[in-house]
Amino acid sequence: MRAGGDSRGDRWHLEVDRSLCIGSGMCVGAAPGGFRLDGARQSHPADPDPRAAEALLEAAESCPVEAIAIT
């Protein structure tokens, strides 16, 4: 799968390891529509199976504790 997806509508699966998440908000800054912080400042995917997007990769790469997994 290409990093940016393609015209076939590739989808990814996003997971955030809540035991690692420190609530930095870097993922929300990199992909505002892809992630949200809850009341405990823990990150969650807005959609666990979104369309492939470069911003989601950037969000995962920007996580200071590598809590985001994309498959």
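I take buried to mean under 20% relative accessible area, exposed over 50%, and partly exposed in between (1.4 Å probe, protein chains only).

**Basis.** I am working with a predicted model, in which local features need pLDDT of at least 70 and side-chain atom pairs count only at pLDDT 80 or more, while totals for chains, interfaces and linings use all residues. Residues are numbered from 1 along each chain as its sequence is written, and side-chain values use heavy atoms, with hydrogens and water left out.

**Salt bridges.** I required a side-chain nitrogen of Lys or Arg within 4 Å of a carboxyl oxygen of Asp or Glu, and by this rule I found two salt bridges.

I looked up Asp47 and Arg11, whose side chains form a salt bridge at 3.8 Å, N to O. Asp47 sits in the loop between β3 (43-45) and α2 (54-62), and Arg11 in the segment before β1 (14-16), 36 residues apart. I took helices (H or I, at least four residues) and strands (E, at least two) as DSSP runs, numbered from the N terminus. Asp47 is partly exposed because its relative accessibility is 33%; Arg11, at 44%, is also partly exposed.

I then noted the salt bridge of Arg18 with Asp38, whose closest N and O atoms are 3.1 Å apart. Arg18 lies in the loop between β1 and α1 (26-30) and Asp38 in the loop between β2 (35-37) and β3, so the pair ties together parts 20 residues apart in sequence.

**Ala59.** I located Ala59 in helix α2. Is Ala59 buried or exposed? I recorded Ala59 as buried, because its relative accessibility is 0%. Leaving aside neighbours within four places in sequence, I listed its contacts (heavy atoms within 4.5 Å) as Cys27, Ala30, Ala31, Phe35 and Ile68.
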